[in-house]
Amino acid sequence: MRFVVIGAGMSGILAAIRLREAGYDDVVVYEKADRPGGTWRENTYPGLSCDVPSHFYSYSFALNPDWSRRYSPGAEIQAYFTGVAKRYGVTDRTRFGKEIVRCAFEDGRWHLTANDGATDVADVVIAATGVLHHPKMPEIEGLETFAGAAFHSARWDHSVPIDGRRVGVVGTGSSAVQIVTAITDRVGQLVLFQRTPQWIMPAQNPAYGDEEKASFRAHPEAMEEIRRATAQQFCDGFANIVGETDSPILQAMHDMCVAHLESSVHDPELREKLRPSYRAACKRLVIADGFYEAIQRPNARLVTDGVARVEPAGVRTKDGTLYPLDVLVLATGFQVDWFVRPMQVTGRGGVRLDDLWAHGATAYLSMTVPGFPNFFMLNGPNGPVGNFSLIEVAELQFDYVLKLVDELRRGACRELAPSAEAMARFDAERREAAKKTIWNTGCRSWYLDETGLPTAWPFTFDRFRNEMAAPRLEDYERR
Ligand code: NAP
């Protein structure tokens, strides 16, 4: 069987490694950029780090004794993925600079076309195209008229000097919080344009010393134990209780965020501007240290009046004030509902995934779609994307995919896709459960679809683990 993996980010690298381990030799990876790394290649903004502890945000088979901190910086994470890809021979099997733009199921196989016209044929496609990938530019009048430099947080322009200059940041998500924390003491003036305040959970970020690293190297089981314990903490403390909005644990989390705000911000007026009116963890919880200190520096200003438009000189807010700026950073998030798109995917009978997803992307157990045989998505729609390690999610998903693929290998069938009935059942149950989650308690966030319903895995993480442990073959149409 020939496999094509689309994307050489975290989950594409994983898929390529695991396929080879499982004895599948005909595996090729397509990557549109010139290097692996996915989101960690694209994001290079100052202060970039991962708020999932590094020993948990690592592949289970490639633990890293050299992580510098509990939450390591982005460049280190990118180096980790590049290193793993090289060490496991993924880089050699990747065709860089080739973006797959079309993927069509015809005559029992997948026919792929790249942006340069190159074609390929595969029996199985693993779409590892990422979630937080395509920048979402805000629709702000006059943005193109700005005389200074304006760029999205995921497209940081390092040729633009920021030291001593007037820098505006739009947004208050995880990206903006990390950026503001990192640059405020470097810039001349920092203006943060906040549409909605965020709850921020404090995070201690100690460095690992040389002795600790040596000990991890000598005793890898210590890293395994940290990974196991952190996973358990994240499950018990969040991923297992997203559907229990009256959980005392969620309340304790809220209280911690309130205490963080109240003990950190001294000016009552600023404190109230920074106080969200919704519950902690309704939006994706920001976990960070130092933001409140940064925003209280004399050169920082929090603006809550709402952006009216951008002018050549800066940003004008709805109250008529002009904030003159040299640089404008748009930390405005991602097109989270694109998934494999803009790639054109057509399944059996020429059905377009775009049409199927016209009112929101869905997938059976977040990986497969009826009518799209042998097409598997990692971190696809409706998966567990909360405050959790997406590596853990992708590893569990891929173990499941391998079990399905083994059905093809042993000749039980040639085409495998979820039944429409299984998809409908899963989707109905997911929708019902989504209404009862913490994400549906009165805030706007990227977790919500266009109707306002949370799209992420609304069940416990334990259930996800159980589902991934063994496919229910009766839910698949096998031909
Ligand atoms: P985000 O959470 O989607 O935040 C976007 C921000 O931009 C929000 O504050 C939003 O305001 C604001 N915004 C969007 N359009 C606007 C407009 N037209 N005018 C004014 N404000 C506007 O994006 P993100 O910060 O890039 O984070 C996305 C996700 O990436 C995170 O939730 C997280 O999962 C991941 N991430 C993780 C880390 C990490 O440490 N692990 C770091 C960075 C990112 P509203 O709130 O009012 O909508």
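Biologist: How far is an oxygen atom of the ligand from an N or O atom in the side chain of arginine 284?
Modeller: This is a predicted model, in which local features need pLDDT of at least 70 and side-chain atom pairs count only at pLDDT 80 or more, while totals for chains, interfaces and linings use all residues. Residues are numbered from 1 along each chain as its sequence is written, and side-chain values use heavy atoms, with hydrogens and water left out. A polar contact is a pair of N or O atoms within 3.5 Å; within protein, one must be able to donate a hydrogen and the other to accept it, and residues adjacent in sequence count only if both atoms are side-chain atoms. For arginine 284 and the ligand oxygen, the distance is 3.1 Å.

Biologist: What percentage of the ligand's accessible area does the protein cover?
Modeller: Accessible areas come from the Shrake-Rupley method with a 1.4 Å probe; for residues, only the protein chains shown count as cover. On its own the ligand has 910 Å², and the protein covers 86%.

Biologist: Which element gives the most residues to the shell around the ligand?
Modeller: A residue is near a molecule or strand if one of its heavy atoms lies within 4 Å of it. Of the 23 residues around the ligand, those that come nearest are Thr172, Ser175, Thr196, Lys283 and Trp446. Helices (H or I, at least four residues) and strands (E, at least two) are DSSP runs, numbered from the N terminus. With three residues, the element that gives the most is H4.

Biologist: In what order do the five strands of the open sheet lie?
Modeller: Two strands pair if DSSP finds at least two bridges between them. S8 (149-152) and S13 (300-303) each pair on one side only, as edge strands. The pairing is parallel, and the order is S8-S17-S9-S10-S13.

Biologist: What is the bridge partner of valine 167 in S10?
Modeller: S9 (residues 166-170) runs parallel to S10 (residues 189-193), joined by five bridges. Valine 167 is paired there with leucine 190.

Biologist: Why does the phi of aspartate 107 stand out?
Modeller: Aspartate 107 sits in the loop between S4 (100-106) and S5 (109-114). Most residues other than glycine have a negative phi. In aspartate 107, phi is positive, near 55°.
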